[in-house]
Amino acid sequence: MRIYADNAATTRMSETAIQAMLPHFRENYGNPSSLHTVGQTAAEALAKARADVAACLNAKPGEIYFTSGGSEADNQAIRSAAKNGAMQGKKHIVSTAFEHHAVLHTLQSLEKEGFEVTLLDVGKDGLVTPDQVVAALREDTCLVTIMYANNEIGTIQPIREIGAVCKAKKVPFHTDAVQVAGHLPIDVVADNIDMLSLSGHKFHGPKGTGALYVRQGLRLHSLIEGGGQEKSKRAGTENIAGIVSMAAALQEACAHLEEHAQKVTALRDKLIQGLSAIPHGELNGHPTQRLPGNVNFCFEGIEGESMLLLLDDKGICASSGSACTSGSLDPSHVLLAIGRPHEVAHGSLRLSLCHENTEEEVNEIIQAVTQVVAYLRSMSPLWRDLEKGVKPHVIQ
Ligand SMILES: *Cc1c(COP(=O)(O)O)cnc(C)c1O
């Protein structure tokens with residue numbers, strides 16, 4: 001049996017989400033823009049999905065725009081706020097150094113287009129503070145974009161307080177909540193959020209689905225020109241099967257939110273405890289201010305990629321850094337942002353759990369990681385130097 005512990009990369013679709021799709025491939029295959037009955041059945045399903053997603057966030061249905069995923073939602077939110085800002089002569093954006101690449105790369109593009117970006121430092125614990133945001137705000141700031149929880153180290157930011165700071169200064173606030181939606185309660189009103197991105201495949205819905213919440217009154221610009229779908233903010237015939245399925249997955253996740261969070265948090269803490277016994281290893285990010293399912297460790301004297309391949313041989317699916325950065329030789333920008341030196345950042349392991357994981361699996365993971373770390377160190381010249389005292393240990 002394989003043990004899947006890479007739920008931050010993607011999740012298995014729930015049976016509810018799969019079943020929700022099927023009628024929209026078979027009998028309800030209409031185009032919501034068509035005036036006939038088949039089309040209008042699709043339009044009704046679309047409206048219901050919109051209302052269901054909105055309800056999970058305490059938003060209004062008219063504030064939800066469906067996208068192809070979290071990346072598109074991030075791009076659209078940031079580019080829209082930038083465009084609005086530029087029209088008022090405001091071209092400064094505040095974000096953090098450990099955002100997802102969908103945010104960071106969009107900001108880099110905007111820099112080339114004449115925007116100025118302030119990336120807040122992230123503390124050793126993987127958290128930014130509202131005071132840092134206050135200090136970074138300027139007269140010409142047109143957007144603050146800070147992720148709700150980090151996808152690599154799982155740390156949860158003080159979003160409500162950051163939102164309050166932005167609200168007081170009348171600066172639009174966007175948050176990438178892709179890792180949070182369906183896992184922790186979100187209330188866009190109480191949390192002072194103006195724009196929020198989510199993605200279906202991170203909460204047991206289908207890939208290629210996502211949504212952007214945009215508070216009423218805030219102007220949104222489209223990335224894709226064409227027909228009048230999504231109030232002319234996102235052209236293209238709607239992915240009805242995907243949208244309906246994502247809404248069903250979100251609804252299901254939100255209905256079991258507390259129960260699942262409790263179970264997964266207990267598994268997480270057991271895993272953290274077990275892996276903490278490995279010498280010269282350390283948990284990345286705050287021990288409790290983190291996502292229920294996220295465990296991320298650095299082990300000295302080890303290559304993350306080798307660890308992954310050996311774990312895969314033992315039937316365990318894990319990740320080193322983020323899926324998007326694996327394959328490149330650069331260490332994770334997130335681990336560098338929290339102050340891990342390059343050589344330590346290379347030895348990182350992310351295990352992300354969900355409610356389908358069991359205690360037996362966690363025990364197996366602890367055993368397998370302990371063995372793999374010992375094996376790789378026994379063959380590592382880097383480790384030999386550390387043990388001989390040629391180089392000092394960074395992690396005690
Ligand atoms: C997965 C992820 C994304 C990208 O979402 P897609 O739907 O895969 O485009 C963006 N931000 C975070 C934090 C993520 O974890």
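Predicted model: local features only at pLDDT ≥ 70, side-chain atom pairs only at ≥ 80, totals over all residues.
The surroundings of the ligand are considered first. The ligand is surrounded by 13 residues, and the closest of these are Ser71, Asp176, Gln179, Ser199 and Lys202. Sorted by class, this shell contains 8 polar, 3 charged and 2 nonpolar residues. Helix α3, which spans residues 70-87, supplies the largest share of the shell, namely 3 residues. In the side chain of aspartate 176, an N or O atom is found 2.6 Å from a nitrogen atom of the ligand. Glutamine 179 places a polar side-chain atom 2.7 Å from a ligand oxygen atom, and for histidine 201 the distance between a polar side-chain atom and an oxygen atom of the ligand is 2.9 Å. On its own the ligand has 380 Å² of accessible area, of which the protein covers 87%.

Besides its approach to a ligand oxygen atom, the side chain of histidine 201 forms a polar contact of 2.7 Å with the side chain of threonine 10.

Helix α3, which contributes to the ligand shell, also contains asparagine 84. With a relative accessible area of 16%, asparagine 84 is buried. A polar atom of the asparagine 84 side chain lies 2.8 Å from the backbone oxygen of arginine 219.

Aromatic rings were examined next. The model contains 1 aromatic pair. Its members are phenylalanine 297 and phenylalanine 299, whose ring centres are 5.6 Å apart and whose planes meet at 5°, so the arrangement is stacked; planes under 30 degrees apart fall into this category. Both phenylalanine 297 and phenylalanine 299 are buried. Two further rings have a charged side chain over the face. Lysine 91 is positioned over the face of phenylalanine 115, at a distance of 5.0 Å from the ring centre. In the other case, arginine 377 lies over the face of tryptophan 383, with a distance of 4.0 Å to the centre of the ring.

Glycine 293 occupies the loop between β9 (281-283) and β10 (294-299). A relative accessibility of 10% places glycine 293 in the buried class. Phenylalanine 25 belongs to the loop between α1 (15-21) and α2 (37-57). The relative accessible area of phenylalanine 25 is 52%, so this residue is exposed, given that the exposed class begins over 50%. The C-alpha atom of phenylalanine 25 is 6.8 Å from that of alanine 241, a residue 216 positions away along the chain.

Backbone geometry was also considered. Two residues other than glycine have a positive phi: the angle is about 55° at lysine 170 and about 65° at serine 232. Lysine 170 is part of the loop between α6 (159-168) and β6 (173-176), whereas serine 232 lies in helix α7, which covers residues 229-232. Lysine 170 is exposed, with a relative accessible area of 72%. Serine 232, by contrast, is partly exposed at 47% relative accessibility.

Both ends of helix α14 were described as well. At the start of this helix, which comprises residues 381-388, a side-chain oxygen of serine 380 comes within 3.2 Å of the backbone nitrogen of leucine 382. At the other end, α14 is followed by glycine 389, which has a positive phi near 85°.

How values were computed. Residues numbered from 1 in each chain as written. Heavy atoms only, no water. Phe/Tyr/Trp six-rings, centres within 6.5 Å; stacked < 30°, edge-to-face > 60°. Buried < 20%, exposed > 50% of the residue type's maximum accessible area, 1.4 Å probe, protein only. Lys NZ or Arg CZ within 6 Å of the ring centre and 35° of its normal. Near = heavy atom within 4 Å. Polar contact = N/O pair within 3.5 Å; in protein donor to acceptor, adjacent residues only side chain to side chain. Areas by Shrake-Rupley, 256 points an atom, 1.4 Å probe, with all protein chains shown as cover. Helix = DSSP H or I, 4+ residues; strand = E, 2+ residues; numbered from the N terminus. Nonpolar A, V, L, I, M, F, W, Y, C, P; charged D, E, K, R; others polar.
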